Structures are given as C-alpha cells and as structure tokens.
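Good morning. I will go through one protein today, starting with the whole chain and ending with a pair of helices. Please have the structure open while I talk.

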Amino acid sequence: MLNLVFMGTPAFSVPVLDSLAKAHRVKLVVTQPDKPKGRGQKLAMPPVKEKALELGLPVAQPESLKSPEFHKLIEEQKADLLVVVAFRILPATLFPLSRMGAVNIHGSLLPKYRGAAPIQWAVANGDSETGVTIFQLDAEVDHGKILAQEKTAIGPEETAGELFARLSVMGRDLLLRTLKDLETGIAVPKEQDHLHATPAPKLKKEDGAIDWKLSATVLHNRIRGFNPYPLCHTTEKESGRVLRIHRASVVAGEAPTEPGVLYLDAAQHPLISAGNGSLRLLEVQWEGKPKISGIDFVNGLRGAEGFRFG
C-alpha cells in the first residue's frame with residue numbers, strides 16, 4: 001500500500017480518486033480553487049473536491065503551485081508518489097518531494113498527442129485507434145518515461161465525450177496495475193520516441209467553425225471530436241443565426257448543390273452539401289435554443305431547401 005498525494009480537478013479524475021482511496025493511502029487531494037458558476041455566479045466546488053470530501057480526505061486548493069507554503073505542505077505528506085490526473089502543469093521542484101516522483105494518466109498513446117486535448121484531436125483527425133498512457137512526469141509537458149500503455153479502438157460514430165468516459169475507466173484500471181508494479185519494483189520506465197511526438201493543443205471556440213468546402217468525412221470527424229466542446233457550428237447566411245451540429249452522418253457521392261447548401265433526401269431528412277459528399281444532420285441546436293433532431297429541425301423551417309450556411 002502506497003502513500004499518495006492525488007492531484008486532479010474535472011470529472012475525468014473522479015473515478016481514479018475513488019479507486020485509489022480504496023487501494024492505497026491518499027494523504028492529500030490537491031485540486032483547483034472553487035470557481036463562480038452559472039447565472040448566479042455562485043462558487044462551485046471542482047468534482048474532485050466533492051469526491052474527496054465524500055471520502056473524508058483532506059483537500060488543498062492552492063492558488064500557486066510554486067509557493068513555498070505549498071511545497072512545504074507536499075513535503076509534509078511524506079508521500080511515496082504524486083498521482084496527477086487532468087490537473088495543471090506541475091513545477092519540476094515538486095517531483096523530488098515524494099519518494100518516487102510523480103506519474104500521470106494521459107488520454108493518448110504517447111508520444112502521440114501531447115497537450116491539453118489528446119482525446120478530442122484523435123477523434124477529430126479520424127484516428128481509428130487511441131489509448132491511455134501512464135508515464136513519469138518530468139520538466140517538459142507529456143515528455144517523461146512511459147510506465148504502461150493500453151490501446152483501444154475508436155468507434156466510427158463515437159464522440160470525444162463518449163471516448164473520454166471510456167478512457168477514464170481504462171486509465172484508472174491501468175494506473176492501479178501500474179502502481180502495483182511500482183510498489184513491487186517490477187515497473188520498467190521506457191523513454192518516449194520524441195521524434196514522433198505530435199501536438200494536441202487546447203481547443204478554442206473557433207476550432208468548431210465549419211468550412212463546408214472540406215469533405216463530409218473530415219467534417220464528420222471534427223463534429224465527433226469537438227462534441228461536447230467547442231461543438232461544430234455554422235452560420236445561416238440570410239439570418240446570421242448560428243447552428244450547432246451535435247451529430248451527423250456521412251452521405252457519400254456527389255452532392256446535388258454547392259457546399260454549404262441545405263437540401264432534403266427522399267425521406268425529408270436534412271443534408272448539407274460539403275466539398276466531397278454531404279452531411280446528414282441528426283442532432284442540431286440553434287444558438288440559445290434546445291437541442292433537436294434533424295427531422296424536428298426541418299419541421300421548424302419554412303421552405304428548408306436552399307438555406308445557405310457558412
């Protein structure tokens with residue numbers, strides 16, 4: 001049984017913390033400060049803090065990870081290991097404060113997709129396979145030695161949000177096995193192939209803007225990869241209304257209209273022409289309105305065919 005300091009913030013980290021608390025001694029949970037949320041801007045706890053309090057674990061929410069006070073707090077835990085899951089970039093000065101340094105769960109097969117959004121970019125780029133990596137943290141982002149990896153296929157219609165949920169469980173289980181290997185001394189760290197590193201930068205709202213001149217397959221992958229954030233979106237040219245596309249499917253073959261023009265198939269399903277093929281709209285949302293099906297979208301329009309987006 002190891003003495004651990006756990007660091008994480010979002011829902012992705014919660015199942016990991018829950019399992020670690022049952023298998024090891026979690027001496028301290030470190031998470032982001034509470035932040036204003038919603039219309040009332042009331043302070044809300046990060047998901048990891050909620051789980052830590054439920055488990056009766058002590059919580060620290062430092063404003064700065066570089067402060068002497070925070071370093072002293074970590075040193076006082078006399079931890080065997082710092083376990084980091086979806087948290088901030090740690091200063092390298094923290095690593096020597098535990099016996100075995102720090103390990104992290106990353107949602108890709110490193111060195112592929114180093115950065116803040118590995119799961120989203122794997123889906124958006126149309127990859128058929130991804131996985132999780134347990135690795136040792138060092139001074140560079142997602143650069144440390146690999147302790148373990150596990151692969152999984154990406155479903156052809158799977159969204160980043162759905163894959164995120166699966167990888168959270170995979171990462172948790174792989175981490176527990178890796179900690180056992182570290183505890184028994186059989187874990188063998190392996191250097192990454194740094195020449196094959198690829199980036200996975202943090203997503204911005206503008207990444208979701210649709211260029212209808214791209215192929216339907218490329219757009220379909222981006223719609224999946226950017227769901228639930230930033231969501232792919234397009235603007236109806238006449239009204240200026242923004243349409244968010246949650247789900248779509250590819251219709252192969254030559255489109256009957258120029259890119260960005262809405263048309264209906266024989267069953268009255270809405271499609272928009274792309275540079276190569278078309279996208280059938282399955283689930284959409286006008287900005288400020290509820291999410292609706294493609295059929296309901298058509299029913300809400302007058303003379304739907306010919307609407308132009310872009």
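**Overall picture**

In this protein, 63% of the contacts with a separation of 6 or more are between residues 24 or more positions apart. Please keep in mind that this is a predicted model. The protein has 310 residues, and 50% of them count as buried. Its C-alpha atoms fill a box of roughly 70 × 45 × 30 Å along the principal axes. In secondary structure, we have seven helices and 15 strands.

Now the sheet. In what order do the strands of the open seven-stranded sheet run? The order is β5-β2-β1-β6-β7-β8-β9, and the pairing is mixed. At the edges sit β5, residues 59-60, and β9, residues 146-153, each of which pairs on one side only. Further in, β1 (residues 3-8) and β6 (residues 81-85) are parallel partners, joined over five bridges.

Another helix, α5, covers residues 160-184 and lies across β1, β6, β7, β8 and β9. Relative to β9, α5 runs at about 150°.

Next, the interior. Nonpolar side chains tend to be buried together in soluble globular proteins. Here the largest nonpolar core has 63 residues, and those touching the most other members are Phe6, Leu20, Val83, Leu175, Phe297 and Phe309.

Take Leu20 as an example. Apart from neighbours within four places in sequence, Leu20 contacts Leu4, Phe6, Val26, Val83, Leu175, Leu176 and Leu179. There is also a second, separate core of 21 residues, including Val30, Leu94, Leu97 and Phe135.

Last, the helix pair. Two packed helices are described by the angle and the distance between their axes. For α1 (residues 14-23) and α2 (residues 47-55), the axes come within 9 Å and cross at roughly 25°. Angles under 35 degrees count as roughly parallel, and α1 and α2 are therefore roughly parallel to each other. Their crossing is right-handed. On the α1 side the contact is made by Val14, Leu17, Asp18 and Ala21, and on the α2 side by Pro47, Val48, Lys51, Ala52 and Leu55.

Definitions and conventions: Residues are numbered from 1 along each chain as its sequence is written. This is a predicted model: local features need pLDDT of at least 70, side-chain atom pairs count only at pLDDT 80 or more; totals for chains, interfaces and linings use all residues. Side-chain values use heavy atoms; hydrogens and water are left out. Two strands pair if DSSP finds at least two bridges between them. Helices (H or I, at least four residues) and strands (E, at least two) are DSSP runs, numbered from the N terminus. Contact means heavy atoms within 4.5 Å. Axes are lines fitted to C-alpha atoms, for helices over the stretch in contact, and angles run from 0 to 180 degrees between N-to-C directions. A nonpolar core is a set of buried Ala, Val, Leu, Ile, Met, Phe, Trp, Tyr and Cys residues joined through side-chain atoms within 4.5 Å. Buried means under 20% relative accessible area, exposed over 50%, partly exposed in between (1.4 Å probe, protein chains only). Angles under 35 degrees count as roughly parallel, over 145 as roughly antiparallel, 65 to 115 as roughly perpendicular and the rest as oblique. A crossing is left-handed if the near helix is turned anticlockwise from the far one by less than a right angle, and right-handed if clockwise.
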